[in-house]
Amino acid sequence: MKGLIGKYNRNRKFIWLIIGICIGIYAIIHIINVFLGQGLYEKDNNIGNITNNGFYDTSYSVISSEQIKEEYKDSINKTIKEFIDSCNNNQVEKAYNMLSKECKEVLYPSIETFEEEYIKEVFPSKRTYKMQSWITNGNKYTYRIELLEDILSNGKSTNSKKIDYYTVIKEEDNYYLNIDGFVEKNELNKYNQNELMKITITSEEVFVNYVYTNIKVENKTNGQILIDEGSQGDSVYLKDTNDVGYASFLYEEPEENLIVRKKSEKEFKIKFDKEYSTTIKIKEIGFTDVVVNYRSQNQKANQKLIIEVFNDKK
């Protein structure tokens, strides 16, 4: 034992130097791993966006394969940066005022709704971001936004990130944003009818990963109508111009919500599993499992009504 203590006393400076080096190496490896989890980012000094091995590209839309004109690119980038900066700094009113009229109408009708459902949910702490031009359609520019934790500001990392899609549009010479995946709202006002009912497709709300259709059902009978019995998975469907069908999410709705009382009208919002496309359009929406005189002795199932969306019928 005395021999060991003697060796330690003679070499203790060297031993502690080795221990210090080991601790330093471990700390450096840990820091590198944290930064790798964030994507080895570096800030672009011009517009404050984040680059990452070619991921960052605001000039070329990867889905629609279109080049964004140089005259628009800087304004679009600055709009997105200003919005995220406002969210980071809890400037709720400033961020809210950057939303388009349609975005407010569809998603955030009040500043209180925007603060509760977006600011507090998406920006509980400061975030950095990466962006990629995704789809260009006329004067609408959709970007994939990857929101990352800002570990330099927050002092920690849980490798938490959120993916959103921002669509930049121009209104009255100013640029505004559609956020939370929302792209646009289109008025349709297409209908079809028979002696039992009239179904009108009033509008569609297009998101990057799905679409909502707003419909109005008029019940012309003296009994109840169930717009979808749910016995078939694709009984309420959307079909595009390539004859590809998309199922609805009506199965998520309680049956009582799908009933139209006698001699009355009711509005519905139906979600379909169709991604946003600039070239593929909706051709028709079909209701193939409507039940007439529901819950009566004269109940009739499997009634059908197809609404052609892109035609001249009014």
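**A loop residue and its surroundings**

Apart from neighbours within four places in sequence, K263 is in contact with N219, K220, T221 and N222, where contact means heavy atoms within 4.5 Å. Before we go on, note that this is a predicted model, in which local features need a pLDDT of at least 70, side-chain atom pairs count only at pLDDT 80 or more, and totals for chains, interfaces and linings use all residues. Residues are numbered from 1 along each chain as its sequence is written, and side-chain values use heavy atoms, with hydrogens and water left out.

Where does K263 sit? You will find K263 in the loop between strand 15 (259-260) and strand 16. Strands (E, at least two residues) and helices (H or I, at least four) are DSSP runs, numbered from the N terminus. The C-alpha atoms of K263 and G223 are 7.9 Å apart in space, although 40 residues separate the two in sequence. K263 has a relative accessible area of 55%, so it counts as exposed. The scale works like this: buried is under 20% relative accessible area, exposed is over 50%, and partly exposed is in between, using a 1.4 Å probe and protein chains only.

Four strands, in the order 9-10-11-16, make up an open sheet with antiparallel pairing; two strands pair if DSSP finds at least two bridges between them. Strands of a sheet pair through backbone hydrogen bonds, either parallel or antiparallel. Strand 16 (265-272) and strand 9 (182-193) are at the edges with a single partner strand each, so one side of each has no neighbour in the sheet. On average, neighbouring strands here are turned by 20° against each other, direction ignored; such angles compare N-to-C directions on a scale from 0 to 180 degrees, with axes fitted to C-alpha atoms (for helices, over the stretch in contact). One of the pairings to look for is Q193 with its bridge partner K198 in strand 10.

R295 forms a salt bridge with E255, their closest N and O atoms being 3.0 Å apart. R295 is in the loop between strand 17 (282-294) and strand 18 (300-308), and E255 is in the loop between strand 14 (245-247) and strand 15, so this pair ties together parts that are 40 residues apart in sequence. A salt bridge here is a side-chain nitrogen of Lys or Arg within 4 Å of a carboxyl oxygen of Asp or Glu. R295, at 48% relative accessibility, is partly exposed, and E255, at 36%, is partly exposed too.

Four of the five residues of strand 13 (residues 236-240) are buried. What stands opposite L238 in strand 17? There the residue is I285, while in strand 14 the bridge partner of L238 is Y246. Strands 13 and 14 form a hairpin with four residues between them, and D243 in the turn has a positive phi of about 65°.

For a contrast in setting, compare two further salt bridges. E172 pairs with K101, with the closest N and O atoms 3.8 Å apart, and both E172 and K101 are exposed. E146 and K130 meet at 3.6 Å, N to O. Here E146 has 6% relative accessibility and counts as buried, and K130 counts as buried at 7%.

Finally, step back to the whole protein. A search of the structure finds 15 salt bridges, and the secondary structure comes to six helices and 18 strands. Of the 314 residues, 44% are buried. Among contacts with a separation of 6 or more, 59% are between residues 24 or more positions apart.
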